[in-house]
Amino acid sequence: MSLSRRTFLQQASVISTLSLAGLPYAVRAENANEYWWSAGSDHSDGNGVAVFSDKGNSRLLETGFRGHGLCVSPDDGRIVMMARRPGMQGAELMADQNLTLFDVRPGRQFQGHACFSADGARLFTSEIVDSGDGRIGIRNAHDFSWLGEFSSYGTEPHEIKMMPDGVTLAIANGGLTPSADDGRTADKNALVQSSLVFIDSRDGRLIHKYSLPENKASIRHLDIAPDGTLVTALQVQRQWLDDTEPRALVAIRRPDEPLQLLEAPGNLWLALRDYMGSVVIHPDYGVAGVTSPRGNLVVFWELSQGKLLGYFPLHDVCGIALSQQHDCFVVTNSAGDMRFIDPVSLKELKPLRRHSDTVRWDNHLLGPLPVSV
Amino acid sequence: MMREKNYTLSTSVCAALVFTAFLGLSGCGGERQNDEPVLTDATLATALRQVTDNSIVPAVDTFAQASSSMSADIEAFCSDISADSLTQVQDGWRTLAQAWYRVSPYLFGPVNDDVVFPDYLYIDSLRQRGNNYLATVRTDISTMVEGAFELDGSYFSTKEFNKVGILALEVALFETRSGLPSNDDLLTEYRDEPRKCDVIRGLNNIVAGYSSNMQTEWTTDYQNTGTSYRDLFLAGDTEDGSEPLTLLLTRAQEHLDYLKQRSVSSVAATVSGETWVLMQATLEAVEAIVAGTGNSGVSFYQLMNSAGQSTAVTTVQENFARAYEAIRDKNTTDFNTACALLDGNFKRDIPDALAVQLGINFSDGD
């Protein structure tokens with residue numbers, strides 16, 4: 001049982017052993033540790049960037065807001081974490097152990113995700129205006145000054161990522177018009193108009209736009225393989241459906257093909273409880289892992305044929321990434337657990353288990369990024 | 001600058017520590033039998049063990065025994081079709097259904113060991129998102145009675161989950177194939193259609209198989225590990241790595257959510273008219289998790305009180321009282337409201353008072 005609020009004093013002495021000296025993060029060095037990053041919180045509801053080393057140390061770097069998605073710059077390994085929607089801030093983790101915070105522009109709300117341009121010079125952020133119309137904000141990736149914005153060609157863009165060509169931006173337009181009250185709760189009368197959109201990141205030109213036959217399915221998260229295969233994780237707004245039939249929650253878009261739903265037994269979709277939270281593609285094995293925190297499951301599909309491979313249970317699992325050598329899927333949950341899953345057998349490598357008594361992992365996992373210490 | 005988190009004690013833990021200190025000052029000689037237990041890792045583990053041994057395992061045992069008794073009742077009825085033997089087998093079903101509803105807040109471990117087709121669906125198809133397969137079951141019973149194929153174990157072993165379980169048994173035992181509810185008509189039908197006895201034998205054998213397996217796995221050997229699930233559970237060796245108390249509270253909360261979301265009190269056991277008896281049984285099972293039983297030395301209520309959370313205890317008790325009142329009034333709206341309140345209690349108030357983390361509760365759109 002999670003008893004850390006009673007036992008933290010015993011453990012507090014060991015959680016601050018991690019040094020962040022010697023950044024930048026992405027520079028691999030002799031004796032480097034691997035560090036995993038996520039939005040996180042502690043048991044006193046402090047929010048920030050959670051960092052966890054492969055040696056088992058963890059700590060929370062407070063940002064003052066609950067974070068969501070993280071991305072790493074391709075040139076020098078700087079990490080940016082965006083606030084959970086409706087977000088007002090983003091945070092960059094600096095090499096000198098400082099945080100640089102930047103604010104959303106008036107009349108806009110951050111939507112929890114961002115990505116860098118291929119050269120690391122620009123930062124693209126998913127944003128909305130009050131009506132829910134989507135924007136892709138463009139900032140100088142070094143000082144976060146505002147450079148402009150594009151349309152997302154849809155409502156409520158959520159996760160965005162750069163395609164392997166380094167030019168095309170993939171956008172998951174969630175389609176949920178948020179309420180004016182809290183900026184989150186979707187209006188029950190609002191139609192979901194979710195779409196997967198590809199734009200040219202140089203000029204904002206629309207390249208492709210795809211939607212799904214189920215208009216109550218919200219396309220929210222995505223990952224992209226080096227060959228351009230893209231997998232999206234969906235969330236179905238069951239409260240707007242008048243039936244209890246299962247709905248597919250994962251879709252794939254292979255290069256030059258339309259977006260199509262992956263298949264699984266109906267009872268498996270039902271067990272996932274209409275909610276997939278995060279996705280990662282293992283390019284070496286052509287396998288996608290998709291997490292369902294409500295279903296307490298990670299589900300794996302082979303991508304060339306779209307075949308369901310299996311599933312792995314973990315309570316409240318959401319974060320998923322690949323290990324440094326791509327020898328494991330790595331998943332995290334809100335209890336502070338980290339599990340390593342063999343991508344072939346889909347079995348857990350139990351000796352690698354990690355647990356933080358002090359930090360709760362939030363939705364998304366970034367890493368590992370080696371740090372010389 | 002980056003700020004390190006300064007950890008602070010939560011109110012409940014402070015209260016527990018203050019209370020502990022008070023006991024330390026006033027105890028003068030240690031723990032007495034009537035001392036209020038203090039919230040510690042050890043007392044939480046004790047309370048969990050007592051819920052397991054006094055509520056969960058006995059519920060599983062009772063369900064298995066009820067199913068076994070049903071087998072005997074069915075044999076007695078089919079060998080001597082009479083008003084008395086029909087009443088007996090109907091009472092047997094009532095006992096079986098109540099026993100199941102006392103197990104159903106604990107849908108983890110042996111009863112839920114397959115993601116796609118968990119065992120519990122073959123006992124209670126309503127658990128699949130509240131889908132009511134009454135029409136499917138009625139059609140299938142007629143197909144079996146009218147058919148010429150053999151109604152043996154091989155046939156029943158391939159039945160889909162939505163054609164078996166306590167719902168199928170209920171339909172077969174409480175109404176005729178044309179939907180007549182009188183026992184006189186039922187007796188006539190059973191006398192005229194001997195295959196219907198084969199139907200209830202086969203259906204009960206399925207439930208008996210699952211209930212027996214559930215009992216064995218909880219008490220003796222879970223999935224050929226050589227260890228009972230009871231022992232694995234209490235040792236924290238759960239399927240998805242959940243802490244056992246987290247698992248128990250989460251499943252109870254999901255059960256309350258299921259009762260409310262699927263308006264179970266308006267669709268369950270409508271053929272037999274046992275709906276509210278089953279709601280009473282399942283609420284009592286949920287309440288036993290926090291209130292304990294007569295055999296409990298330490299209950300979660302007591303631990304919540306000791307942590308200074310008596311207001312939370314009172315709130316939960318009031319919501320249970322509200323649910324029981326709705327059951328007495330047979331008021332679905334009020335019952336669903338009470339279940340929603342209890343759902344919130346199991347999601348927030350109880351874990352918070354016990355300093356147990358259930359999870360972040362990820363929201364739509366994240």
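Student: Is strand β13 of chain A enclosed or open, and why?
Tutor: This is a predicted model. In it, β13(A) covers residues 168-173. Five of its six residues are buried, so the strand is largely enclosed by the rest of the structure.

Student: What joins β12(A) to β13(A)?
Tutor: Four bridges do, and the two strands run antiparallel. β12(A) spans residues 157-162. Lys161(A) stands opposite Ala170(A) in β13(A).

Student: How many residues lie between those two strands?
Tutor: Five, and β12(A) and β13(A) form a hairpin. Gly166(A) sits in the turn, with a positive phi of about 75°.

Student: And how many bridges join β13(A) to β14(A)?
Tutor: Six, again with antiparallel strands. β14(A) takes in residues 195-200. There, Ser195(A) is the bridge partner of Asn173(A).

Student: Zooming out, how many helices and strands are in chain A?
Tutor: Two helices and 28 strands. The chain has 373 residues, and 53% count as buried.

Student: What about contacts along chain A?
Tutor: Take those between residues at least 6 apart in sequence. Of these, 50% join residues at least 24 apart.

Student: Switching topic: what pLDDT does chain B average?
Tutor: It averages 90, and 89% of the residues score at least 70. Over residues 1-32 of chain B, though, the pLDDT is below 50. That stretch has 42 contacts in the model beyond near neighbours in sequence. Where pLDDT is low, predicted coordinates should not be read in detail.

Student: Which ipTM and pTM does the model score?
Tutor: ipTM is 0.76 and pTM is 0.83.

Methods. Residues numbered from 1 in each chain as written. Chains lettered and ligands numbered in written order. Predicted model: local features only at pLDDT ≥ 70, side-chain atom pairs only at ≥ 80, totals over all residues. Buried ≥ 20, exposed ≤ 12 C-beta atoms within 10 Å, placed from the backbone. Pairing = 2+ DSSP bridges. Contact = placed C-beta atoms within 7 Å. pLDDT = per-residue confidence, 0-100.
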